[in-house]
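The exercises below work through one protein model, and each task is followed by a solution in steps. Please keep the sequence and the structure in view while reading.

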Amino acid sequence: MEFTLSPEQQVVQKKAQSLAQEVQALSARLDREAQFPREILQRWAQGGMFGLALPREYGGQGLDYVAYVLAQMELAQVCPASALILHVNHSLFGGAVAQFGTPAQKEAWLPPVARGEVYACFALTEPEAGSDPAGMKTVARREPDGWVLTGAKNFVTSGGESRFALVAALTDPERGAKGISAFVVEIPATPEVTWGAREEKLGLRGATSVRLFFDQARLPEASLLGEANQGLKIMLAAMDGARVGSAAIAVGLGRGALAAAMAYAKQRRQFGQAVADFQAIQWKLADMATDLEAASLLTLKAAWLKDQKQPYGLAAAMAKRFATDAAMAAATEGVQILGGYGCLTEYPMERYFRDAKAGQIYEGTNEIMRLIIARNLLKG
Ligand SMILES: Cc1cc2nc3c(=O)[nH]c(=O)nc-3n(C[C@H](O)[C@H](O)[C@H](O)COP(=O)(O)OP(=O)(O)OC[C@H]3O[C@@H](n4cnc5c(N)ncnc54)[C@H](O)[C@@H]3O)c2cc1C
């Protein structure tokens, strides 16, 4: 077993670390204003973060997924919301197109996404279809010259900022889950696509979420990604890969909370000593660090399996479940370590606490992760 990072991976890790540090102050302000963090994303795009594990021939860096998760572990320490936007671009949209697109589709859609020149979103969830996407109502009807898409998606991260949307819709409603197809919609070229107001969210406020509406949207034939009626498999495969990245974002967020808690505990004095000298606080720090280390190892293992082209769905579900729970626990204990100051927006901890929660919910809730893990265990 080899735990040493390759020189390339180390370079990416260092680069991401410095790109994260640069945007510390900006990130807190954009969260307060619930603004889409365009300036942060532009800097990260210039630093090559948007195409890390996307194919080199389509504008990416062609690195492995381990390099991508190492970068996310750094970026999310400072701005989890920007890390999530990058992640949707790179792993949910970019990952699906790289895996299932034809050469012409990859040529058309991937390069600007991999360079971070445009944003892309992933539209699966609907008001009545969350954990059970097979319950979706959005339909796409075949026409002689393409498709007509009708329906609505919600919780779409970057939906109002994106050039491309990967959208799942029923193409053979009678077949249920086996009658769903995946489409790439070029939003500015499709006037029948509109979006609602930004949702007011607990955390990840910069990663703006909107509802997308498709009112008989006309799509060209070439917008179908993969084969007709294979869409749910495509969306689920994209989420399998992406969950490894979500786990990395959680590790980064948790590390950010741990670092802030340690810095505070060393300088805050009560009863004539630093609060870091109290064993009660030391045990919290020890548990946070241990769980985050375990989360990081699960995440790196899942990424490594993906790079080796070995089955990794179980490892991804374990990593996502464990890492997002570890991040939530680290942020919760972080607030406790800061005492009353943990609740003030003047300190970064309350933002880690707010941002951590959604990680236990998006890309499949942690209840669904446990379902996937249990099914894998019991089928063998
Ligand atoms: C910040 C954020 C960003 C998001 N971004 C996107 C995005 O870009 N694109 C997108 O398509 N979606 C996105 N989502 C939506 C997200 O994927 C869904 O919220 C999630 O899948 C859960 O669906 P739901 O909210 O409808 O909850 P429900 O499915 O209604 O679940 C409610 C509760 O029931 C539990 N539950 C449901 N089924 C089971 C079961 N079989 N066994 C045990 N428990 C169960 C759930 O775990 C949960 O606790 C985002 C969500 C958030 C919060």
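**Exercise 1. State how the protein chain is divided into domains, and describe the side of domain 1 that touches domain 2.**

Step 1. The chain of this predicted model falls into domain 1 (7-119), domain 2 (121-231) and domain 3 (233-379), with bounds that come from an automatic or database domain assignment. Residues are numbered from 1 along each chain as its sequence is written. Because the model is predicted, local features need pLDDT of at least 70 and side-chain atom pairs count only at pLDDT 80 or more, whereas totals for chains, interfaces and linings use all residues.

Step 2. Taken over C-alpha atoms, the centres of domain 1 and domain 2 are separated by 23 Å. To their contact domain 1 brings 23 residues and domain 2 brings 19 residues, two residues being in contact if their C-beta atoms, placed from the backbone, lie within 7 Å.

Step 3. On the side of domain 1 that touches domain 2, at least two residues each are supplied by α2 (24-33), α5 (80-100) and α6 (103-114), and α5 gives the most, with 11 residues. Helices (H or I, at least four residues) and strands (E, at least two) are DSSP runs, numbered from the N terminus.

Step 4. By class, this side of domain 1 has 18 nonpolar residues, four polar and one charged; Ala, Val, Leu, Ile, Met, Phe, Trp, Tyr, Cys and Pro count as nonpolar, Asp, Glu, Lys and Arg as charged, and the others, Gly among them, as polar.

**Exercise 2. Decide for Leu204 and for Phe271 whether the residue is buried or exposed.**

Step 1. Leu204 is in the loop between β6 (193-195) and β7 (209-220), and its phi is positive, near 50°, in a residue other than glycine. Leu204 is buried, because 28 other C-beta atoms lie within 10 Å; the cut-offs are 20 or more such atoms for buried, 12 or fewer for exposed, and partly exposed in between, with C-beta atoms placed from the backbone.

Step 2. Phe271, in the loop between β9 (269-270) and β10 (273-274), is likewise not a glycine and has a positive phi of about 55°. Phe271 counts as exposed, because it has 8 C-beta neighbours inside 10 Å.

**Exercise 3. Describe the shell around the ligand.**

Step 1. The ligand is surrounded by 22 residues, of which the closest are Gly130, Ser131, Phe155, Thr365 and Glu367; a residue is near a molecule or strand if its C-beta atom, placed from the backbone, lies within 6 Å of it.

Step 2. Two or more residues of the shell come from each of β1 (120-123), β3 (146-157) and α11 (366-379), while domain 2 and domain 3 each give at least three residues.

Step 3. Sorted by class, the shell holds 13 nonpolar, seven polar and two charged residues.
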